[in-house]
Amino acid sequence: MIEKYILEHIERYPEMELSDIIKLIYQSEFGGGHMIKNPKASLERLIKECREADTDISEEYPLYWEKIGGHMGRLFLKGIERHLELSTVNQLFINTAQKVTSSVPAFEEKLSELRQMCQNGMIPFESELLDEWIRVYREKGYPLFRHSELFRRRYHPSYRVISEDYLTYIELFSVIDRRFKCEENLIISIDGRCGSGKSWLARLLAGVYPCSIVHMDDFFLRPEQRTEERLKEVGGNVDRERFLEEVARPLTNKKKSFEYQRYDCVRKKLAEGVKIQRKKLLIVEGTYSCHPSFSGLYDLKIFLNIESGAQRERILKRNGAYMLQRFISEWIPKEEEYFQMFRIKESCDMVFEETT
């Protein structure tokens with residue numbers, strides 16, 4: 001539904017013209033990939049736009065973005081260099097453009113929704129004017145167009161269209177970029193409740209920065225370690241000893257590369273080795289990654305939270321009904337004990353909440 005975003009933007013930008021609303025709809029469907037001829041040219045254009053922006057260097061501009069529908073948002077560029085490297089902004093923009101799946105029929109459906117809003121008097125534009133605008137626009141083949149002159153003069157738009165996948169974590173990108181200004185390499189952990197998107201966030205970051213990933217799922221207890229005493233231990237159902245030896249020790253000793261063995265949950269035994277080449281960013285993702293035994297390893301600790309209803313829905317979709325019951329009866333209670341005993345969420349540098 002695009003109606004919600006149209007109404008929000010008319011309230012925020014009361015001098016919007018019809019073309020500005022259609023541009024909003026266009027971007028919600030197609031993103032901004034039309035601006036990318038090649039990554040280098042895209043970055044040069046971004047640098048030029050930021051240099052030309054009417055920015056008061058004495059003013060602290062917040063890191064700001066707004067939703068536009070279609071899982072897209074506008075990341076505003078005014079003062080952006082105080083928060084993010086322009087190379088990062090450009091990469092987010094490029095990645096968004098490469099992942100966009102859009103269609104003219106879906107765009108037309110949104111235009112129909114806009115027409116209905118005009119007819120119902122929800123917005124101050126005549127449906128006949130919209131029909132004529134769209135007729136001419138179709139004949140031209142749905143070309144790219146700029147904001148209206150009034151909109152540009154009144155609001156000075158300067159932004160990039162970025163997927164909400166990235167914008168949800170834009171503060172994290174900002175922290176990483178700022179840390180890289182003083183540190184050559186970073187080691188971060190992503191802990192949190194099952195189903196909260198830890199592996200997904202690790203992959204998201206790896207698509208932006210040179211990155212290596214270590215998965216805590218590779219350190220499940222082997223059958224011979226699953227003693228009654230060990231399983232009663234809070235946080236005991238992860239192979240801490242092997243993680244300390246095969247991952248934490250090489251990282252502490254600043255090894256440029258190392259190898260650890262992956263635990264195969266199906267075969268219930270150690271499998272092939274996983275070779276890790278140290279890159280600018282190294283991520284340890286998974287529940288128990290912030291266990292006190294090795295929490296001092298990290299430069300930045302992140303906790304992903306998710307409310308129980310959304311958690312169960314996600315696990316059901318991902319793992320099926322049978323495994324959901326195992327999560328509920330076995331793994332989730334152990335995780336909750338671990339989170340509470342060691343105050344994992346409270347000890348992390350950044351916490352991201354998901355409720356839907």
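**Close-up 1. S19, a buried residue of helix 2.** S19 has a relative accessibility of 14% in this predicted model, so S19 counts as buried. Buried here means under 20% relative accessible area. The residue sits in helix 2. Which residues does S19 touch, leaving aside its neighbours within four places in sequence? They are W133, F145 and S148.

**Close-up 2. Helix 2 crossing helix 5.** Two packed helices are described by the angle between their axes and the distance between the axes. Helix 2 covers residues 18-30, and helix 5 covers residues 104-119. Their axes come within 10 Å. The crossing angle is roughly 145°. Helix 2 passes helix 5 in a right-handed crossing. On the helix 2 side, the contact is made by L18, I21, I22, I25, Y26, S28, E29 and F30. Helix 5 contributes V104, A106, F107, K110, L111 and L114. How do the residues of this contact divide into nonpolar, polar and charged? There are 11 nonpolar, 1 polar and 2 charged.

**Close-up 3. F342 in helix 14.** Helix 14 spans residues 321-342, and F342 is found in this helix. Is F342 buried or partly exposed? F342 is partly exposed, because its relative accessible area is 29%, and partly exposed lies between under 20% for buried and over 50% for exposed. Leaving aside its neighbours within four places in sequence, F342 is in contact with V234, H291 and P292. One of these partners, H291, is 51 residues from F342 in sequence. In space, F342 and H291 are 7.7 Å apart, C-alpha to C-alpha.

Methods:
Residues numbered from 1 in each chain as written. Predicted model: local features only at pLDDT ≥ 70, side-chain atom pairs only at ≥ 80, totals over all residues. Heavy atoms only, no water. Axes fitted to C-alpha atoms, helices over the stretch in contact; angles between N-to-C directions. Helix = DSSP H or I, 4+ residues; strand = E, 2+ residues; numbered from the N terminus. Left-handed = near helix turned anticlockwise from the far one by under 90°. Contact = heavy atoms within 4.5 Å. Nonpolar A, V, L, I, M, F, W, Y, C, P; charged D, E, K, R; others polar. Buried < 20%, exposed > 50% of the residue type's maximum accessible area, 1.4 Å probe, protein only.
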